[in-house]
Amino acid sequence: MLSVLSKIFEKVLDKRLRRFFIKYNILTPDQHGYAANRSTESAAASLSEFIYKNLDDGLLVAGLFFDLSKAFDTLDSEFMKCKLHALGVRGNTLRLIMSYLANRKFCVDVEGSTSSVFVTNTGVPQGSVLGPLLFLLYINDMPSYINADHLTLYADDTTAAVSASSGEGLTAKIEVVMSDFKAWCWSNKLVLNLEKTVIILFTPTKRKVIKLHLNNNCRLDNSTKFLGLYLDQNLTWENQVDAVCKKLKNNFYLLLNIKTKFSRSSLITVYYALIYSHLNNNIILWGNSVGNRRVFVLQKRIIRLIFNLKPKHSCRTTFKTNSILPLPSIYILKTLLFIKENLNLYPTNAESHSYNTRERKMLVVPLHRTAKYELTPSYVGIKLYRHLPDYFRTLSKGAFKKQIKKLLKEKCYYSVEEFFADKF
């Protein structure tokens, strides 16, 4: 149990440590958990972009989704001290952190029977402010020891991706990454759960099925759950759409049962809590898939329920009047915000020539070979961003988000094609 006063000190220390690490660029860019301007969405987008790009180049891609057992509870204090010292945390600050981690006590109470008090010097306090940052620092050196083509970290969720032109080459890379990760876990006293570690093989379409012959106990599967997102080997997002549809159907019946007991404004609040949250989650990846139509149908069904509309009545006016975004508009909003947040990652026309043209600051649409690549957040996002009026692109991030939301609520687009057909 942590006192309120303790959490205040933790907050101050956390803020100052992060400022120090950002200033000297110490934290690995592969880490998306508990980091500023990073999220599960940025982590999922980073991994999917790597997969799409390599598939577009005609390569085979494998994703290794590692599972660490009780990672936050097994951090070694002495290792933590050495790592913090190596990262530049020394003197009184280091002594303060180590005293915070040392001599923590716990006991177990079952139906009034209490165990003896035990002392633990491993792990970080659960529910603490400083705990997540300390864990990030503990695993910060991991990318230096894993020979993967791409690494995505989100706290204790680690995903490595490799690509090769042949099954033999891919198998060799997988074995190297597995060996590296096992060695790193053993050296840092972390436990890798091989039974829950999954490997997925992503292959270009119209290509023969490739079988991997791996010398480890990992499970080779067709899909897995990655940071709340259902990822399948063909990137169809069917499993993700099924999961979202299931959530929406369950919440539809919940709304049906409470409809007569709550006001409409309360039902709209429930909508944003239980419906919109699922529509919004990682939509930049699955929102333009074929299955999104099923989700949109369910969203309109829920809107009709809340506003007492007949089954075949159009919802477009209701969406506009109540400033509720339809699914395609949510996808457009999130994709545009993703591009705005990551403008530094994309080249402009000015980087390819020195002429002072009117469109020199315009983002360049990525070259590609396959139609599947056109589903990537970066490709769709850049095209959406280029279609906006010029003044939108000059806005700050906060103003951009506000104006885009306002535009989408007014226009109420039912498809991405409607957005591109609109002449601003």
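A residue is called buried when its relative accessible area is under 20%, exposed when that area is over 50%, and partly exposed in between, using a 1.4 Å probe and protein chains only. The structure shown here is a predicted model, in which local features need pLDDT of at least 70 and side-chain atom pairs count only at pLDDT 80 or more, while totals for chains, interfaces and linings use all residues. Residues are numbered from 1 along each chain as its sequence is written, and side-chain values use heavy atoms, with hydrogens and water left out. Helices (H or I, at least four residues) and strands (E, at least two) are DSSP runs that are numbered from the N terminus.

The account may start with helix H1, which comprises residues 4-23. Two surface patches deserve attention here. Patches consist of residues with over 30% relative accessible area and no salt bridge; like charges are joined within 9 Å, and nonpolar side chains (Val, Leu, Ile, Met, Phe, Trp, Tyr) within 5 Å.

A nonpolar patch of about 540 Å² is made by Val-4, Leu-5, Ile-8, Phe-9 and Val-12. Within this group, Ile-8 is also found in helix H1; its relative accessibility of 49% places Ile-8 in the partly exposed class.

Salt bridges form the next topic. Such a bridge is a side-chain nitrogen of Lys or Arg within 4 Å of a carboxyl oxygen of Asp or Glu, and the structure holds 12 of them. One of these joins Asp-14 to Arg-18, with the closest N and O atoms 3.0 Å apart. Both residues lie in helix H1, four residues apart, which is about one turn of the helix. Asp-14 counts as buried because its relative accessibility is 9%.

Other salt bridges reach across the sequence. The side chains of Lys-189 and Asp-76 meet at 3.4 Å, from N to O. Lys-189 lies in the loop between helix H7 (167-187) and strand E8 (198-202), and Asp-76 in the loop between strand E1 (60-66) and helix H3 (77-86), so this pair ties together parts that are 113 residues apart in sequence. Lys-189 is partly exposed at 45%, whereas Asp-76 is buried at 14%. A further salt bridge brings together Glu-418 and Arg-316, at 3.2 Å from N to O. This pair links distant parts of the chain, with Glu-418 in helix H17 (residues 416-421) and Arg-316 in helix H12, 102 residues apart. Glu-418 has a relative accessibility of 28% and counts as partly exposed; Arg-316, at 26%, is likewise partly exposed.

The discussion now turns to strands, two of which pair if DSSP finds at least two bridges between them. Strand E6 (residues 150-154) is mostly covered, since four of its five residues are buried. Five bridges connect E6 with strand E7 (residues 157-164), and the two run antiparallel. In this pairing, His-150 stands opposite Ala-161 in E7. Strand E10 (residues 223-226) and strand E11 (residues 229-232) also run antiparallel, joined by four bridges, and Phe-226 faces Leu-229 in E11.

Backbone angles complete the picture. Most residues other than glycine have a negative phi. In the hairpin of E6 and E7, with two residues between the strands, Ala-155 takes a positive phi near 55 degrees. Leu-227 takes a positive phi near 55 degrees in the hairpin of E10 and E11, which has two residues between the strands. Leu-235, not a glycine, has a positive phi of about 55 degrees. Leu-235 is situated in the loop between E11 and helix H8 (238-258) and is buried, at 2% relative accessibility. Asn-282 is not a glycine and has a positive phi of about 55 degrees; its place is the loop between helix H9 (264-280) and helix H10 (283-286). Asn-282 is buried because its relative accessibility is 2%.

Note on methods: Accessible areas come from the Shrake-Rupley method with a 1.4 Å probe; for residues, only the protein chains shown count as cover.
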